[in-house]
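Good morning. Please have a look at the sequence and the structure on the screen, and then we will go through a few parts of it.

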Amino acid sequence: MTDASEDASDIEKLYEFGERLNEAKDKSQNVKDYEGIIAATRGSVKAKQLAAQLIPRFFKFFPNLSSQAVYAHIDLCEDQELGVRVQAIRGLPLFCKDTPEYVSKIVDILAQLLTAEENVERDAVHKALMSLLRQDVKASLTALFIKHIQSVDETDENLREKVLSFIRDKVFPLKAELLKPQEEMERHITDLIKKSLHDVTGAEFKMFMDFLKSLSIFGEKAPPERIQELIEIIEGQADLDAQFNVSDGDHIDRLLSCLYMALPFFMRGASNSKFMNYVNKHIIPVFEKLPEERKLELLKNLAESSPYTSPQDSRQILPSVVQLLKYMPWRKTGEETNFTYVECLLYTFHHLAHKAPNATNSLCGYKIVTGQPSDRLGEDFSEQYKDFTERLSNIEELSRATMKKLTQGMAEHNKAMAAAKSDEAKDKIKTQKQNATTGLRTCNNILAMTQQLHSKSPLFIGDRRVNLSWKEPVKPSLPSTATASGAKRTTSAANGSGNTVSKRARGGGSSGAHNQLVNRALEGLSYGGRSGGGQRGRGRGWGGRGRGRGYR
């Protein structure tokens with residue numbers, strides 16, 4: 001009973017302190033009253049909840065007690081009672097209402113409270129942070145990024161992830177409302193993001209890039225230098241200045257992921273020179289040592305990048321592409337043929353050769369006349385022509401045989417679908433049909449591209465008449481659309497690898513032979529975290545190493 005009466009007395013005193021402060025004309029003279037309110041933070045639960053309302057309300061009048069008041073209020077934010085914590089959290093933005101210089105400090109405090117486990121408490125933190133973002137978006141964003149994202153050595157891993165989730169889920173969707181004045185604030189948050197990219201996982205990097213490309217300063221009307229700025233961000237993340245180590249799977253993942261993310265910006269006019277030259281110098285020479293699935297991703301990226309390659313770079317890269325075209329096998333060998341590899345390489349070859357046609361004279365034995373010394377028309381390259389055209393003929397024969405088997409297989413799939421009872425069986429057959437369809441597209445593309453190359457002076461394809469097999473088919477009634485940045489490629493069988501056939505099976509074989517034509521479907525481009533290597537901050541690996549924070 002005594003405790004209850006003491007609590008009631010404390011509450012009554014708090015109301016008296018508040019009333020006197022409300023009525024006072026010069027509130028700064030009522031120091032004792034404000035000190036009494038601060039002291040109440042060590043009282044009962046109800047006293048603490050009331051103090052949590054009164055401390056920020058009169059905070060601006062007592063600058064000499066500011067530190068004492070803030071620390072007492074922070075203690076309430078960490079109180080054992082949920083009700084006290086929630087009330088204190090709700091009061092934090094009020095500290096900044098008339099003292100905006102406290103925005104950064106209060107945002108920092110609220111960010112640390114994002115790790116709260118109770119939903120009602122976490123919701124209060126979110127609302128308080130949004131209140132401060134609306135009051136001063138520049139100071140609030142700066143505090144969040146500098147203190148909790150850029151300060152990688154000082155930030156707790158769990159807290160950093162909570163802050164990133166808050167920015168992704170609460171801030172980014174409201175960019176139109178929060179980022180005002182628009183151009184100034186979009187530039188500010190771009191600079192904050194750029195300074196935060198030295199130690200991010202692949203998923204974090206993709207999140208930031210998706211946000212940046214959604215900003216109006218990088219929109220459809222953006223000048224070329226803005227698009228090039230995005231490419232330079234991606235190039236930096238890809239470590240294109242680093243020496244390549246084929247055993248570093250983390251760097252391979254990061255490089256391929258970044259190249260894929262860069263494709264939409266190549267389409268918008270940004271240069272792919274640095275990427276293409278790095279691949280040509282460092283990756284293609286060790287192509288055979290790459291993991292099989294990474295070989296496929298590299299060739300797909302090369303194919304999709306090739307239409308945007310400059311004539312000078314095309315001339316430099318063509319010899320490497322012709323060398324890789326050994327995947328068009330000799331007639332008498334028994335090795336398997338990966339049709340998607342061939343599709344990628346032929347597509348790349350056409351687009352590069354279209355930019356530097358006479359470079360193919362010495363590489364393939366063609367007789368293309370441009371009037372330049374590089375035509376090398378007086379030299380004999382007949383052996384190269386014989387080798388190249390024999391490989392073309394062979395891959396054509398293999399493609400036709402494969403298409404026949406795939407077409408026969410489609411009929412079998414239709415019969416199996418009619419007989420299938422379970423949804424699982426139907427789904428499996430549907431996948432097989434999709435794989436076969438993509439395989440047919442792959443072979444059709446190969447034939448469309450090889451037929452152009454038998455002439456001594458071929459016309460190379462430099463437009464989009466060939467739609468790569470893993471891309472969505474272009475509908476005649478609709479214009480072609482570019483793949484969105486960061487979107488995953490479709491994962492049907494001919495995603496690629498899928499079109500692998502042994503020459504030994506060409507003559508027929510069992511009725512199930514067509515199933516050998518399509519390997520396992522690849523999952524879409526996998527993104528992983530940045531590896532530790534030397535100066536790389538906390539060592540998040542793009543492949544999930546380090547602290548285990550990866551894209552996969």
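Leaving aside its neighbours within four places in sequence, which residues is Phe58 in contact with? They are Gly18, Leu21, Asn22, Lys27, Tyr34 and Ile37, where contact means heavy atoms within 4.5 Å.

Before I go on, a word on the source. This is a predicted model, so local features need pLDDT of at least 70 and side-chain atom pairs count only at pLDDT 80 or more, while totals for chains, interfaces and linings use all residues. Residues are numbered from 1 along each chain as its sequence is written, and side-chain values use heavy atoms, with hydrogens and water left out.

Back to Phe58. It is found in the loop between α3 (45–57) and α4 (66–77). Helices here are DSSP runs of H or I with at least four residues, numbered from the N terminus. Is Phe58 buried or exposed? It counts as buried, because its relative accessibility is 2%; buried means under 20% relative accessible area, exposed over 50%, and partly exposed in between, with a 1.4 Å probe and protein chains only. Leu21, one of its contacts, lies 37 residues away along the chain, yet the two C-alpha atoms are separated by 7.8 Å.

Next, the core. A nonpolar core is a set of buried Ala, Val, Leu, Ile, Met, Phe, Trp, Tyr and Cys residues joined through side-chain atoms within 4.5 Å. The largest one has 156 residues, and those touching the most other members are Tyr34, Ile37, Leu110, Leu141, Phe275, Phe349 and Tyr366. Helix α14 (residues 249–267) gives the most to this core, with 11 residues. Tyr34 and Ile37 are also among the contacts of Phe58. As for Leu110, not counting residues up to four places away in sequence, it touches Ile89, Leu92, Val125, Ala128, Leu129 and Leu132. In soluble globular proteins, nonpolar side chains tend to be buried together.

Now a pair of helices. The axes of α12 (residues 202–212) and α14 come within 12 Å and cross at roughly 5°. Axes are lines fitted to C-alpha atoms, for helices over the stretch in contact, and angles run from 0 to 180 degrees between N-to-C directions. The two helices are therefore roughly parallel, a label for angles under 35 degrees. On the α12 side the contact is made by Phe205, Lys206 and Met209, and on the α14 side by Cys258, Met261 and Phe265.

Last, charges. How many salt bridges does the structure hold? There are 25, a salt bridge being a side-chain nitrogen of Lys or Arg within 4 Å of a carboxyl oxygen of Asp or Glu. One of them joins the side chains of Arg160 and Glu204, at 2.9 Å from N to O. Arg160 sits in helix α9 (residues 157–171) and Glu204 in helix α12, 44 residues apart. Arg160 counts as buried because its relative accessibility is 0%, and Glu204 is buried at 7%.

Another salt bridge links Glu229 and Lys194, again with 2.9 Å between the closest N and O atoms. Glu229 is in helix α13 (residues 224–237) and Lys194 in helix α11 (residues 182–194). Here Glu229 is buried, at 13%, whereas Lys194 is partly exposed, at 37%. Both belong to a network of salt bridges that also includes Arg187 and Asp191.

Notes:
Angles under 35 degrees count as roughly parallel, over 145 as roughly antiparallel, 65 to 115 as roughly perpendicular and the rest as oblique.
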